[in-house]
Structure formats: structure tokens, C-alpha cells
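Have the sequence and the 3D view open as you go.

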Amino acid sequence: MAYAFPSEEWIQEYERRLNEDDAYQDASEGWGVGFNGDFIFHIGADDRLPEDRYYFIGLENGDVYDCREIDSPDEVDWGFIIRGAYSDWVKLTKGEIGAIDGMMSGVFEIEGDMQKVLQYSNAAVAMTEVSSAIDTEFTY
């Protein structure tokens with residue numbers, strides 16, 4: 001079954017798969033312990049996506065406890081926001097660009113403690129690999 005991206009169904013499938021992925025769980029052990037490890041994925045409007053979309057990803061110590069679409073980052077308590085244009089999120093989701101490479105090259109902007117992100121770079125790689133394994137239909 002293909003999941004539309006971006007959509008509530010896609011993010012729910014992402015949560016399920018992250019929680020079943022041993023590589024992600026091992027790499028993210030300790031993430032969010034003693035600090036807010038929750039993410040917001042900001043998918044920016046571009047020539048394909050008509051309006052910005054935001055997804056909350058609750059992460060702590062290898063567990064993904066809440067993934068959902070939100071209307072604004074102001075709705076939740078977050079530790080990190082990663083921002084990028086929809087077309088770049090498509091490339092990330094397809095595995096054509098890596099999360100760390102995308103942040104280091106400026107394709108994606110991150111707000112939050114970059115040292116923590118680099119410390120857990122293997123978790124970011126695993127998260128990207130999980131997303132690229134989802135049968136995804138890009139509706140925009």
C-alpha cells in the first residue's frame with residue numbers, strides 16, 4: 001500500500017516503522033534523555049506544495065511516542081525543527097539526500113543543538129533509511 005506524502009497516514013506509518021527498526025532504536029539510545037529530543041519537520045511550500053506543513057515527531061531514548069501533523073510549531077514543546085522545501089523533503093524521503101548531508105550543505109536548516117544532532121548522526125541516517133523504505137506516493 002502506498003502512503004501519500006505528506007499526510008497523517010504517512011507519518012503514522014513512519015512512527016510504526018521507526019518503533020520496529022532495530023538500527024534506529026540502537027542508534028537513538030539516549031536521545032532525548034535529559035533534553036528535549038522532540039522534532040518538528042517543517043515541509044516548506046514551494047512550486048509543488050501549496051502551503052507549509054508541520055509534523056511533530058516525539059522521540060526519547062529509542063522510542064517514537066507521538067507522530068502527527070500540527071498546524072503550527074507553537075502547538076507543542078519541541079527541541080528541534082528541521083526546515084526544507086517540499087521538493088527537498090521528497091529527495092530525502094526517496095533516499096537521494098541524507099539528513100546530515102542536507103543539514104551540513106544548507107539544503108535543510110535546523111534549529112536546536114546541532115552538536116546533539118551530530119552526536120546521534122547514526123540515528124538520523126537510520127531515520128532517513130526508514131522513510132525511504134515506505135511505499136510513498138508524492139501527491140504534489
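**Sheet, helices and rings**

This is a predicted model. In it, strand 2 (residues 39–44) and strand 3 run antiparallel and are joined by five bridges.

Q: Which residue in strand 3 stands opposite I40?
A: Strand 2 and strand 3 run antiparallel. Across from I40, the residue in strand 3 is F56.

Q: Which residue in strand 4 stands opposite F56?
A: Strand 3 (residues 53–60) is also joined to strand 4 (residues 63–70), by seven bridges, and these two run antiparallel. In strand 4, the residue opposite F56 is R68.

Q: Which residue takes a positive phi in the hairpin of strand 3 and strand 4?
A: The hairpin has two residues between the strands. A positive phi near 55° is taken there by N61.

Q: Which strands stand at the edges of the sheet?
A: Five strands form an open sheet with mixed pairing, in the order 4-3-2-5-6. An edge strand has a single partner strand, so one side is left without a neighbour in the sheet. The edge strands are strand 4 and strand 6 (109–111).

Q: What is the average twist from one strand to the next?
A: The sheet is open, and its order is 4-3-2-5-6. From one strand to the next, the twist averages 15°.

Q: What angle does the direction of helix 1 make with that of strand 4?
A: Helix 1 packs on the sheet and touches strand 2, strand 3 and strand 4. With the direction of strand 4, its own direction makes an angle of about 175°.

Q: What angle does the direction of helix 3 make with that of strand 5?
A: Helix 3 (residues 86–93) packs on the sheet too, touching strand 2 and strand 5 (80–85). The angle between the directions of helix 3 and strand 5 is about 105°.

Q: How many Å does helix 1 reach from its first C-alpha to its last?
A: Helix 1 (residues 8–20) has 13 residues. At 1.5 Å a residue, 18 Å is expected. The reach is close to that, at 19 Å.

Q: Is E13 buried or exposed?
A: E13 is found in helix 1. Its relative accessibility is 8%. Buried means under 20%, so the call follows from the cut-off. E13 counts as buried.

Q: Which residues is E13 in contact with, leaving aside its neighbours within four places in sequence?
A: E13 is one of the buried residues of helix 1. Beyond those sequence neighbours, E13 is in contact with Y3 and I134.

Q: What kind of aromatic pair do F5 and Y86 form?
A: F5 is buried at 4% relative accessible area, and Y86 is buried at 0%. F5 lies in strand 1 (residues 3–5) and Y86 in helix 3, so the pair ties together parts 81 residues apart in sequence. The ring centres are 6.2 Å apart, with 20° between the planes. The pair is stacked.

How values were computed. Residues are numbered from 1 along each chain as its sequence is written. This is a predicted model: local features need pLDDT of at least 70, side-chain atom pairs count only at pLDDT 80 or more; totals for chains, interfaces and linings use all residues. Side-chain values use heavy atoms; hydrogens and water are left out. Helices (H or I, at least four residues) and strands (E, at least two) are DSSP runs, numbered from the N terminus. The expected span of a helix is 1.5 Å times one less than its number of residues. Buried means under 20% relative accessible area, exposed over 50%, partly exposed in between (1.4 Å probe, protein chains only). Contact means heavy atoms within 4.5 Å. Two strands pair if DSSP finds at least two bridges between them. Axes are lines fitted to C-alpha atoms, for helices over the stretch in contact, and angles run from 0 to 180 degrees between N-to-C directions. Rings of Phe, Tyr and Trp (its six-membered ring) pair if their centres lie within 6.5 Å; planes under 30 degrees apart count as stacked, over 60 as edge-to-face and the rest as tilted.
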